[in-house]
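These are my notebook entries on a structure that I went through with a few geometric look-ups in mind. I set down each item as I found it.

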Amino acid sequence: MIIGTVIVAAGRGERAGSPEEGPKQYRPIGGEPVIRRTLREVLNWPRRGPVVAVIHPDDESLFASACAGLSGASDLHITHGGSTRQQSVLSGLRRLRDSEATHVLIHDAARPFLDHALLDRVAGAWEAGLAAVIPALPVTDTLKRATPAAMIEDTVPRNGLWAAQTPQGFVLADILSAHEAAFRSGRSDFTDDASIAEWAGMPVHLVEGSADNVKLTLKRDIAMADEKLSRQPLIPDVRTGNGYDVHQLVPGDGVTLCGVFLAHDQALRGHSDADVALHALTDALLATCGAGDIGDHFPPSDPQWKGAPSRIFLAHAAKIVRQNGGIITNADVSIIAEAPKIGPHRQAMRQNLSDILEISIDRCSIKATTNETIGFVGRREGIAAIATATVVYGAITP
Ligand code: CTP
Ligand code: MG
């Protein structure tokens, strides 16, 4: 089972008023756009497969800035929606048809409070053998039918009534053919996908919804969501990464460490300039956003890196960190070498880190130690470096 997700976000949010504030899915709640929260929850769900975001053609730049730096956002497939929700879903399903997805969750961008337990409940129903399933909650209010003049006509028994939520889960091929059939017969007024499945004669089951998983529809809903999130304490998203590297010493005339050439009776062997200190720090930075290691970005087998100055590796890692929304707050490198002496060059090395990382020099630390003549470092067979990077990626709610 490969679970695709379609997130519909092409609506204009007319009931949320204030056209000058823009579509509701891009308005901020708790300091970030509604859709960013929705996408983050889906993108971080371990069982998710391909994800399609269906957006309005006018919202390209709003969408790009709402997703900036969001982990996993680069895997998103983006397509344009239509003038009704039904058309937008169909456009998303058609996009997903060409992927490896076998099942699909269809979710409203305007429901940013979905959680992984809810996603697991829908997927769990598939595993239990059900094909079409939606989360829903029993209606608790007493229901009245009234005239346009607000005169009650009757009370509708709420027994057996449920309020439907999303994500709604289907076998991809089944819901796509139901949608195509509805489209061919000129229907465009279905407000959820279960009703299209029902219309097509598919049995649809209920699983327990989530009381938090409200759809933001009115201006007041957005204000309440913002207020709820603002009450939650924020934790700074401080991440540390470590890196380690060793290069072998061979006869030569000097070594490059932290971009500074130190005259010596040996040289470091390596494909690039073999700057162990910058290599360790590059790995430490990549580690703060799960971006692999230096070898993934600069394969030693690639001839273009032969003799390359390692500052380009470090600058590249810093760029990846920034693209992921990170702010580098500290870079610390320990160089483990019997010789040459690092102390006299420490300031120049720190200055290099400061220049490459574009951070102040007080955030750049270089330390050095010998290995007390023991081990491969002690025997002057190689130089090692250990680095730690600290990066702040905004703030998260607990
Ligand atoms: N939606 C969509 N394309 C449309 C209409 C709606 O993708 N043509 C999406 C919305 O962006 C929303 C979800 O469907 O995430 C649920 O729709 P709704 O709450 O009705 O949002 P809007 O249509 O934007 O709001 P309104 O009906 O108040 O205009
Ligand atoms: Mg609507």
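In which handedness of crossing does α10 pass α11? I found that α10 passes α11 in a right-handed crossing, where a crossing is right-handed if the near helix is turned clockwise from the far one by less than a right angle, and left-handed if anticlockwise.

Before going on, I note that this is a predicted model, in which local features need pLDDT of at least 70 and side-chain atom pairs count only at pLDDT 80 or more, while totals for chains, interfaces and linings use all residues. Residues are numbered from 1 along each chain as its sequence is written, chains are lettered from A and ligands numbered from 1 in the order in which they are written, and side-chain values use heavy atoms, with hydrogens and water left out.

Entry on α10 and α11. I looked up the packing of helix α10 (residues 311–323) on helix α11 (residues 346–357) and found an angle of about 45°, with the axes 9 Å apart; the axes are lines fitted to C-alpha atoms, for helices over the stretch in contact, and angles run from 0 to 180 degrees between N-to-C directions. That angle makes α10 oblique to α11, the word covering what is left after under 35 degrees (roughly parallel), over 145 (roughly antiparallel) and 65 to 115 (roughly perpendicular). Helices here are DSSP runs of H or I with at least four residues, strands are runs of E with at least two, and both are numbered from the N terminus. On the α10 side I listed R311, L314, A315, A318 and R322, which meet N352, L353, I356 and L357 in α11, contact meaning heavy atoms within 4.5 Å. The residues of this contact divide into six nonpolar, one polar and two charged, with Ala, Val, Leu, Ile, Met, Phe, Trp, Tyr, Cys and Pro counted as nonpolar, Asp, Glu, Lys and Arg as charged, and the others, Gly among them, as polar.

Entry on α1 and α2. The axes of helix α1 (residues 34–43) and helix α2 (residues 60–67) come within 9 Å and cross at roughly 55°, which makes α1 oblique to α2. I recorded a right-handed crossing for α1 passing α2. Here I35, R36 and L39 of α1 meet F63, A66 and C67 of α2, and by class this contact has five nonpolar, no polar and one charged residues.

Entry on I196. I placed I196 in helix α6 (residues 193–199) and found it buried, with a relative accessible area of 0%; buried means under 20%, exposed over 50% and partly exposed in between, with a 1.4 Å probe and protein chains only. Leaving out residues up to four places away in sequence, I196 touches Q86, A178, H179, A182 and F190.

Entry on backbone geometry. A cis peptide bond joins T166 and P167, with omega about 10°, and P167 sits in the loop between β10 (162–164) and β11 (168–171). I noted another cis peptide bond between A339 and P340, with omega about -5°, where P340 lies in the loop between β17 (327–336) and α11. Phi of A274 is near 60°, a positive value in a residue other than glycine, and A274 is buried at 0% relative accessible area. Phi of T373 is near 65°, and T373 counts as exposed at 57% relative accessibility.
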